[in-house]
Amino acid sequence: MLKYKVYPRFGDSDLLGHVHHLSIPSWFEEARNPIFQWFNPKYDPDTWNLILARLEMDYIGQIHYADQEVEIHTWITHIGNSSFHIVHGAYLRGEYVALGGVVIVHYDFKNKRAVKIPEKIRALLEEHYDQNAPYRLTPQPELHEKTKILAKRIMAEEKNS
């Protein structure tokens, strides 16, 4: 498990002092930076090779601007050939107040295709793999198939334009 501390900013909150629901996915993204760096040590946009294919969030409790420290816990819960699942929990006062996850794909932007995760990086991902993490992405095979069909149609349209 990776840990990352977040300190809510005034701009993260709404009129009632609650942290806005869109701030938490941003915190989770920040907590993914060490993982991004395994794939892209220099964060070079010309060689960037990851795409976010799916995002899922569950809000369990409230976070307020006055909560001065929220700890983000990060796990790997699935490692495929070219994709992997990262799940996060926002931990505050001894409990999770938000849980969520993403599917990340190792991607070749030049050739527009998913590529195999290198063994060296796979080993790093495996160090943080936890089948008992408090969150799992919801399987949606029918949605996955619809997404594939839509992606193929968009790619065909791009070729023709």
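Colleague: Why is Lys112 called partly exposed?

Modeller: The relative accessibility of Lys112 is 43%, so Lys112 counts as partly exposed. The classes are buried under 20% relative accessible area, exposed over 50% and partly exposed in between, with a 1.4 Å probe and protein chains only. Note that this is a predicted model: local features need pLDDT of at least 70, side-chain atom pairs count only at pLDDT 80 or more, and totals for chains, interfaces and linings use all residues. Residues are numbered from 1 along each chain as its sequence is written, and side-chain values use heavy atoms, with hydrogens and water left out.

Colleague: What makes the phi of Lys112 worth a remark?

Modeller: Lys112 is not a glycine, yet its phi is positive, about 55°. Most residues other than glycine have a negative phi. Lys112 sits in the loop between β5 and β6 (113–114); helices (H or I, at least four residues) and strands (E, at least two) are DSSP runs, numbered from the N terminus. Arg93, also not a glycine, has a positive phi near 50°, and its place is in the loop between β4 and β5.

Colleague: Which accessibility class does Arg93 fall in?

Modeller: Arg93 has a relative accessible area of 63% and is therefore exposed.

Colleague: How do you know that His88 is buried?

Modeller: His88 has 1% relative accessibility, so it counts as buried. His88 lies in strand β4 (residues 83–92). Leaving aside neighbours within four places in sequence, its contacts (heavy atoms within 4.5 Å) include Phe28, Ala31, Ile72, Trp75 and Leu99.

Colleague: What joins the side chains of His88 and Thr74?

Modeller: A polar contact of 2.9 Å. The term covers a pair of N or O atoms within 3.5 Å; within protein, one must be able to donate a hydrogen and the other to accept it, and residues adjacent in sequence count only if both atoms are side-chain atoms.

Colleague: Which residues of helix α1 are buried, and what covers them?

Modeller: In α1 (residues 23–31) the buried residues are Ser23, Ile24, Pro25, Trp27, Phe28 and Ala31. The cover over the buried residues of α1 includes β1 (2–6), α2 (33–39), β2 (50–59), β3 (70–79), β4 and β5 (95–108).

Colleague: How many aromatic pairs does the structure hold, and why is the pair of Phe36 and Trp48 called edge-to-face?

Modeller: The structure holds 7 aromatic pairs. The ring centres of Phe36 and Trp48 are 5.6 Å apart and the planes are at 75°, so the pair is edge-to-face. Rings of Phe, Tyr and Trp (its six-membered ring) pair if their centres lie within 6.5 Å; planes under 30 degrees apart count as stacked, over 60 as edge-to-face and the rest as tilted. Phe36 is in helix α2 and Trp48 in the loop between α2 and β2, so the pair ties together parts that are 12 residues apart in sequence. At 10% relative accessibility, Phe36 is buried, whereas Trp48, at 25%, is partly exposed.

Colleague: What makes the pair of Trp75 and Tyr96 edge-to-face?

Modeller: The centres are 6.1 Å apart and the planes of Trp75 and Tyr96 are at 65°, so this pair is edge-to-face. Trp75 belongs to strand β3 and Tyr96 to strand β5, so parts 21 residues apart in sequence are tied together. Trp75 is buried at 5% relative accessibility; Tyr96, at 21%, is partly exposed.

Colleague: How many salt bridges are there, and which side chain does Glu69 meet?

Modeller: A search of the whole structure finds 5, where a salt bridge is a side-chain nitrogen of Lys or Arg within 4 Å of a carboxyl oxygen of Asp or Glu. Glu69 meets Lys5 at 3.6 Å, N to O. This pair links distant parts of the chain, with Glu69 in the loop between β2 and β3 and Lys5 in strand β1, 64 residues apart.

Colleague: Is Asp12, the partner of Arg9 in a salt bridge, buried or exposed?

Modeller: Asp12 has a relative accessible area of 3%, so it is buried, while Arg9, at 56%, is exposed. Their closest N and O atoms are 2.8 Å apart.

Colleague: Why are Arg122 and Glu119 separated by about one helical turn?

Modeller: Because they are 3 residues apart in helix α3 (residues 119–127). An α-helix has 3.6 residues a turn. Arg122 and Glu119 form a salt bridge, with the closest N and O atoms 3.8 Å apart. Salt bridges that share partners join Lys116, Glu119 and Arg122 into one network.
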